[in-house]
Amino acid sequence: MLMIVFSAIAISILMVLGIVMYIRFSALSRQEIVQSTQKLMEQTGETLEDYLIRMRQISDAVYYNVIKEKDVSRQSNEIQQGMNLIYEANKNNLRSIAVYNNYGSLMAAEPVARQKEDPDVTKQGWYQQAVGEMENMHFSTPHIQNLFDDAARRYYWVISLSRMVELAYHGVPQYGVLLVDMDYSSIFRMMKQMNKLNNGQYYYLCDSSGQIICHMRQIQISNGISAESSVRAAKSRDGVYEEVFEGERRKVIVNTISYTGWKLVGVIPYAAFTHGMFDIQYFIIMLVLLLVMMLAFINRIVSVKISSPILKLNHSVMEYEAGEKPEIYIGGSLEIRHLGQSIQRSYEQIDTLMHKIVWEQNERRKSELDALQSQINPHFLYNTLDSIIWMVEGERNEEAAFMISELAKLFRISLSKGRTVIRVKDELQHAKSYLNIQKIRYKNLFSAVFAVDPAVESCCTVKLVLQPILENAIQYGVHAMDDDGEIRVTGKMEEGTIILSVSDNGVGMSEEEVRLLLTDSNRVHKHGSGVGLVNVNNRIQILFGEAYGLTVESEPDEGTTVSIRIPAVPYDEKNRKILEEGHLYQEEEAAPGEDAQSKGRTAEKEGGGKVQES
C-alpha cells in the first residue's frame with residue numbers, strides 16, 4: 001500500500017511537471033514562431049520596398065529624363081528612343097510604359113504596340129487615381145494588361161504605377177498621365193517563396209482598402225469560394241493581433257509597405273503552433289520517461305527492503321519449479337506466512353499425487369507385460385508338452401522335434417527380450433509356429449494359409465496380437481467343423497496403414513455378438529484367450545491411437561474376419577525405442593482420433609527422434 005501511494009504521488013508530480021514544462025515551452029515556441037515570422041515579413045517587406053522603389057525610379061527617369069524637357073508634338077522620336085532605352089534596361093520587371101494626355105489619348109508607348117480601338121482609359125482605375133490625386137504615385141491591384149494588341153495574343157497580369165505628369169504640346173503645357181505596368185509575376189514569386197511552409201501558416205498582400213494583391217487562394221477568394229479578413233488587416237496598424245476567423249483562432253501579423261500603403265499580412269493558425277511542438281513534446285516525453293526510470297529504480301530499492309519476505313518466498317518457489325526441493329520460505333507478515341504455508345501444503349500434495357501417478361503408471365506397464373506373458377494359455381502349454389511326450393513314447397521323433405522347435409520359436413518371440421514392439425515378420429513367425437503346433441494337436445482339422453505383402457514385414461507392430469485372434473478362430477470358428485476348416489492370415493498396406501486380417505470359414509457370429517465382442521470385456525475374458533481381443537485392441541490403441549485397432553466382420557455359417565489396423569512405421573532400433581518409451585506419453589497427452597503420423601511426432605518429442613513413415 002505504501003509503495004502504491006508513493007508511486008501515485010511521484011507520478012502525479014511528474015505529470016504536473018511535464019504539463020507545466022509543456023505549457024512553458026509552448027509559450028516560448030509560439031513566441032519564437034511569431035518573432036521568426038515578423039523577421040521574415042520584415043525582410044520580404046524590404047525586398048518589396050526595393051522593388052517598388054525601382055519602379056518609382058523608372059517612373060521618375062521616364063518623366064524627368066525623357067518627357068518633361070521635350071515637346072511631344074515635335075520630339076516624339078526622341079521620347080520614344082528614351083523610353084525604349086529605359087524599357088530595355090528594366091524589361092525583366094516591366095511589361096509596358098505609356099503616356100496619355102488629359103483626354104486619354106495615347107502619346108507614346110514602349111514597347112511599340114498598337115493600342116486597341118477606342119479604349120476609354122479615363123474610366124480605368126489607375127487613370128482616375130492619378131487624376132484624383134495629382135501629387136502622388138498610385139499602385140493598382142493586379143489586373144490583366146488590356147490596352148495594347150499582342151501579336152501572340154498573350155496578355156499578362158500587371159500592377160500599374162500611375163502618376164500625373166506635365167506635358168509640352170506645341171510649346172503649350174498640359175497635364176497627362178504616365179503609366180508604368182510592372183510584371184506581377186515578380187511579386188507573385190516573392191509571395192510564393194514565403195508560403196513554402198505546409199503547417200497552415202501563410203502570407204498575403206493587400207492594398208490600403210483591403211483588396212487582395214497577392215494571395216495563394218486568390219482565385220477561390222475572387223470566386224467567393226474562400227474568404228479572407230483583409231479589410232480588417234488593412235485597417236490595422238503594424239503589429240501582432242489575435243482574431244477568430246470562420247471559427248478558427250489565429251494570430252495575424254501586419255506590416256505596411258512604404259510608399260504604397262500596401263499591407264503584408266502573415267497568418268499563423270494555432271494549429272501551426274502545435275505542429276511546431278513535436279520536438280518539444282518528444283523532449284518532455286523523454287524527460288518524463290527518464291524520471292520514471294529513476295522512480296522505478298527508487299521503487300525497486302524500497303520494494304526490496306519492504307518486500308524482502310515476498311522476494312524470499314518467490315525465490316524458494318522458483319527453486320522448486322526448477323526441480324530442486326528447497327524448504328518454502330515462511331516468514332514476514334501474517335499474510336505472507338499464510339501464503340508460504342499454503343504453497344508448502346500445495347507442493348506436498350502435488351508431490352504425493354505425482355508419486356502416486358508414477359506408481360500407477362509403473363503398475364500399469366507391469367500389468368501390460370504380465371498380460372503379454374500370459375498370452376500363452378497354460379493349458380495350451382501343458383497340452384503341447386503332453387503331445388510331445390506322447391510322440392516321443394510313440395517313437396514319432398521327427399514330429400516331436402518339430403513340435404519342440406516350433407514351441408521354442410514361439411517362446412523366443414513371446415519373450416523378445418522384454419520388448420513390446422517387434423517386426424511384423426516376427427509376429428507372423430509367432431503366428432505360424434502357434435498354428436503349426438495347433439494343427440498337430442488338432443490332427444490337421446484345419447488348414448492355414450498365409451498371404452502377406454512382403455512390404456509390411458519390415459514395419460513395427462505390438463507383440464502378440466495375432467495369437468489371441470488365431471486362438472478364437474480355432475476354438476470358436478473351425479473347431480466345431482468336421483473338416484475343411486481353413487484359417488487365412490493376410491497382410492497388406494493401404495495409404496500408410498497396415499491391415500493384418502485373420503479369416504476363418506467357421507460357424508460365424510450374429511451381428512449382436514460381433515458388436516459385443518470388443519465392448520464386453522467380461523464376455524471376452526470368459527471365453528477368450530485370457531487377455532482376449534479387448535486387450536489386444538486396447539494395447540494397439542494405447543500405442544498408436546484410437547484411429548487404429550481391431551475390426552470384426554462375421555456372418556453365421558459363413559465365417560469371421562478379424563482385422564488389425566496399425567500405422568506403417570518402419571522397424572529400426574530408434575523407432576522401436578520411441579514407440580516403447582513414448583506410448584505412455586501419447587496415452588496421456590494425445591487427443592482422441594489422432595492419426596499415426598501425429599503420434600510419431602509426439603513420440604519424437606518424448607524420445608528424441610522422428611518415426612520414419614512409409
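Here are a few questions and answers about this predicted model.

Residues are numbered from 1 along each chain as its sequence is written. In this predicted model, local features need pLDDT of at least 70, side-chain atom pairs count only at pLDDT 80 or more, and totals for chains, interfaces and linings use all residues.

User: In what order do the five strands of the open sheet run?
Analyst: Strands here are DSSP E runs of at least two residues, numbered from the N terminus, and two strands pair if DSSP finds at least two bridges between them. The pairing is antiparallel, and the edge strands, S8 (212–214) and S9 (239–245), each pair on one side only. The order is S8-S7-S11-S10-S9.

User: Which residue in S11 is the bridge partner of cysteine 206?
Analyst: Good one to look up in the structure. Strand S7 (residues 202–206) and strand S11 (residues 263–269) pair in the antiparallel sense over five bridges. In S11, the partner of cysteine 206 is lysine 263.

User: How many of the 13 residues of helix H14 are buried?
Analyst: Helices are DSSP H or I runs of at least four residues, and H14 covers residues 466–478. Buried means under 20% relative accessible area (1.4 Å probe, protein chains only). Among the buried residues are Leu466, Pro468, Glu471 and Val478. H14 is mostly covered, and its buried count is eleven.

User: Where is isoleucine 285 placed?
Analyst: Let's look at its helix. The residue range there is 278–306. Isoleucine 285 sits in helix H8.

Definitions and conventions
Heavy atoms only, no water. Buried < 20%, exposed > 50% of the residue type's maximum accessible area, 1.4 Å probe, protein only.
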